[in-house]
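Here are some exercises to work through with the structure open beside you. Try each task on your own, then follow the solution step by step.

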Amino acid sequence: MKSDLRHLMDLLRQIDDQLVTCMRCGTCQSVCPIYKETGLEAHVARGKIALLEFLADELIKDPKGVNERLNMCLLCGSCEASCPSGVKVLDIFLKARAFMTGYFGLSPVKRIVFRGLLKHNRLFDAVVSVAAKFQGIFTKPVNDMIGSSCARVFPGLIGGRHFIPLAAKPFHATTPARDTPRGASGRKVAFYYGCVVDKMFPHIAETILGVLDAHDIAVYMPHGQACCGIPALSSGDRATFESLVTSNMALFGDADCDALVTPCASCTSTIKKLWPRLATDLPEAMQAKIRDLAEKTMDISEYLVNEVGIAQPPFPQPEDGAVVVTYHDPCHLKKTLGIAAEPRALIAANPHYRLVEMDGADSCCGSGGSFTLQHYDLSKRIGRRKRDNIIATGARLVATSCPACMLQISDMLSQAGDRVALCHPVEIYAETLTGHLRPTAKTEAKEVA
Amino acid sequence: MANHLPRKFAEIVGKDNVLTNEADRHAYAYDAAVLPPELPSLVVRPETTEALGQVVATCNEYGVPLTIRGSGTNLSGGTIPAPEGVVVLTGALDRILEINEADLYAEVEPGVITANFAREIASRGLFYPPDPGSQDVSTLGGNVAENAGGLRGLKYGVTKDYVLGLHFYDAAGELVKTGARTVKCVSGLNLSGLLVGSEGTLGVISRIILKLVPPPKASQAIMAVFDDLMKASETVAAIIAAKIVPATLEYMDNFTIRAVEDFAHAGLPTDAKALLLIEVDGHPAQVAEEAAAVATICKRIGAVNLQVAADAGERDTLWQARRTALSALARLRPTTVLEDATVPRSKIPAMIGALERIAATYRLSIGTLATPATAISIPPILTDKRDQEEWKRVDAAIAEIFDVALELGGTLSGEHGIGLAKARYLDKEIGRPSILYSKRLKAALDPKGILNPGKITGE
């Protein structure tokens, strides 16, 4: 054990050049969602970086306490985006988590999930499809507007959470793989839909295919897409991460496409930023291909707005008032990639809707991937602020570009009994192409009457 | 430290507000100064000011040193605890108790974040001017304890100019009240004056009464570019001589201009020797008149380029250069040492010349950002604290910067405080009798020496 500790300290010293760039100014305190709740220095980036440095310098002898505090993080990147010294906080934390996992080992549950399920696509799909068939027995629907359920028999297991049920059939099971030739537009994209959209929000992927068709954009969409790797990476499991990247590169590495598009902020930022930065144990030839793919990876709204150009709406603003919608900026889209105007442009393209900005549109929803599983109470406290800001706008619809944020926000809204629906901005845009519009407040009121 | 102390504190503030874990304590061993960390024995987080007083009394009873910490942004080590000391956090004491729009004052607890307070005041159509660089995270309690300044200092003054009154606990935990809610107050000794800038060594602030003012109705930003350092200095002197008091007046040297341009691509002229950013504010008619006068002065003395912001967007662009300056410099090397030696306004050119010479002598990268209006020069020294040989040169350079500042009739610290970092130089500035007087005062008010010992006057 002692020699292992020495090894851990040696590994931490390897990232010393990154650690030392933090000048301890404390600016991260003003943006960190966790610090806002707990007010504890060990929970903010400056504190964690100091702890890692003290551990490397052997001022701290017990890595357990440091590891626990390192995990008090949503990986939202708010600190990195506002850091005056340009500290690569996410790089530091993800590397440090990998070192810690090497030292402490992966938790048994995560070992089963990452090494057993995520890495083996077909097994993952099989387990999910069985779960989808039986979930009705164990859960009851609570909010038809949001489409959430809560646990019927195992409240302890799911912890009173209002979760979006698994789709009866995942997207990939109902939709054939595609590789269409370029049409008159001459455009072609690779479509990476991501696990959560595949298994919980298949209609978003269907909508995107419809939009791409409407714009005459050829699509390469292979089956057997693997997870982007962010859950494994954030748990410090770099072996699984690199294995997942390798599987995906086998599918997409040589794909003929102008861009790789995804509807998921976390997938986009992982492919674009983390694959090139952190899959560094892979062969150099593959790393070169990863860099090329990362270069052309885009959020779907970014692609439609900046590359294709969005279509003019074919209909006027409804007389009985537009549907009020508010938009939540996923951290991985705005803070990591700087994409905030494009999803709003998709919403603005539809005159049937009126965008009302919420306070703190770009503040984290508190999901943080598996953070919400490990620290649900804290995650809920952060989520409730988001919920309150949404409700204050009077919106009947929340749009956001990340299915993980959707899960968290739907949980918060459903628990509060709010009748606010969720959607992806691309769904609002798709309505301008299909003409199938969501009912406005007045028509819905008439229906109820 | 006595083993029962954590239990004692837990009785006062609750178990969850006493941090004993090694990792948690290590997170309070440092602040923003480039100094070695010092591990506190305990960290305590009172949620009421009454509990704060009891914490102080308990520390005194057991003779345990305590260091008050707001957000820990101190640049002179003022919030680094004493060995085996207790760190007391003010983060949970963050209530704005009253904003009185009729009498233009506000009462706050010490843990309120400066920028949050300023925003709240602005939303009432009023103005709280002190704007230290760390305002997004710094606390008002910390601002008072350090007498924090900011870019608006010349025209609007610094924190001390806004403190109408204070409540604070003395070393024994007794509540002392000083000042009033009125602009004029001469009842009793001016203890607020004693506490402001005392860096937590004379008392523990629990409530602050702050003066508010009406905001200026208009403002105008101007950027002037010079190909000669002396012309920039002359321009500053000429603006002041013309009886114009700008709200802010900032100077950037060529090294800083190039760093900003590399980093932010703001379109700055990289061959410029110096750049002045000037903002005047007040009544629209006065702003128009003063802006025109400033522009005329800049042209007469020989600015090679002059930009007058046409609207708020352009004003933001101009200020962007200044706001990113420190970041741009900090990215060049791992460690950035921020000094705030300050000289009289007329001596700024001499100070800037000296900094160039010192940088060359010690082979160091020193950028110069100056606030000539308030006479503060902030030379960020870019280095790597892990390089021991270079660190010795940094140390020597700092000592020489202080010598030059004092020779020019200036001071060691314009706004960052003395703390631990500059305690050993204080003798040079104020002399032995002043230090002894301060020490006798401290000994009388804090006989057990528990209040942030080691700061300002040293051990």
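Predicted model: local features only at pLDDT ≥ 70, side-chain atom pairs only at ≥ 80, totals over all residues.

**Exercise 1. Strands around β5 of chain A**

Task: Find how strand β3 (residues 178-179) of chain A and strand β5 (residues 218-221) of chain A run, parallel or antiparallel, and how many bridges join them. Then look at what strand β4 (residues 188-191) of chain A does with β5(A).

Solution: 
- Step 1. β3(A) and β5(A) run antiparallel, and 2 bridges join them.
- Step 2. Pick out one residue pair: A:D179 is opposite A:Y220 of β5(A).
- Step 3. Turn to β4(A), which pairs with β5(A) over 3 bridges in the parallel sense.
- Step 4. Here A:A190 has A:Y220 of β5(A) as its bridge partner. A:Y220 also stands opposite A:D179.
- A reminder for both cases: strands of a sheet pair through backbone hydrogen bonds, either parallel or antiparallel.

**Exercise 2. An open sheet in chain B**

Solution: 
- Step 1. The sheet has 4 strands in the order β1-β2-β4-β3, with mixed pairing.
- Step 2. Its edge strands are β1 (18-19) and β3 (66-69) of chain B, each pairing on one side only.
- Step 3. β1(B) runs antiparallel to strand β2 (residues 42-44) of chain B, and 2 bridges join them. B:L19 has B:V43 in β2(B) as its bridge partner.

**Exercise 3. Buried or exposed?**

Task: Decide whether A:D329, B:K243 and B:I456 are buried or exposed. A residue counts as buried with 20 or more other C-beta atoms within 10 Å, and as exposed with 12 or fewer.

Solution: 
- Step 1. A:D329 is in the loop between β8 (323-328) and α19 (331-337) of chain A. It is buried, because 24 other C-beta atoms lie within 10 Å. Beyond its neighbours within four places in sequence, A:D329 contacts A:K334, A:A340, A:A361 and A:D362.
- Step 2. B:K243 sits in the loop between α8 (229-241) and β11 (248-253) of chain B. B:K243 counts as exposed because it has 8 C-beta neighbours inside 10 Å.
- Step 3. B:I456 belongs to the segment after α15 (432-445) of chain B. With 24 C-beta neighbours inside 10 Å, B:I456 is therefore buried.
- Step 4. Check the backbone too. Most residues other than glycine have a negative phi. Phi is positive, near 65°, at B:K243, and phi of B:I456 is also near 65°.

**Exercise 4. Where the chains touch**

Task: How many residues of chain A are in contact with chain B, and which element of chain A gives the largest share?

Solution: 
- Step 1. The contact involves 24 residues of chain A and 26 residues of chain B.
- Step 2. On the chain A side, α4 (45-56) and α5 (63-70) each give two or more residues.
- Step 3. α4(A) has the largest share, with 4 residues.
- Step 4. By class, this side of chain A has 10 nonpolar, 10 polar and 4 charged residues.

**Exercise 5. Two domains in chain A**

Task: What distance separates the C-alpha centres of domain 1 and domain 2 of chain A, and which helix supplies the largest share of the domain 1 side?

Solution: 
- Step 1. The domain assignment gives domain 1 (2-104) and domain 2 (323-448) of chain A.
- Step 2. Their C-alpha centres lie 31 Å apart.
- Step 3. Their contact takes 11 residues from domain 1 and 15 residues from domain 2 of chain A.
- Step 4. α3 (33-38) and α6 (78-82) of chain A each supply at least two residues of the domain 1 side. The largest share, 3 residues, comes from α3(A).
- Step 5. This side of domain 1 divides into 7 nonpolar, 3 polar and 1 charged.

Notes. Residues numbered from 1 in each chain as written. Chains lettered and ligands numbered in written order. Pairing = 2+ DSSP bridges. Contact = placed C-beta atoms within 7 Å. Nonpolar A, V, L, I, M, F, W, Y, C, P; charged D, E, K, R; others polar. Domains from an automatic or database assignment.
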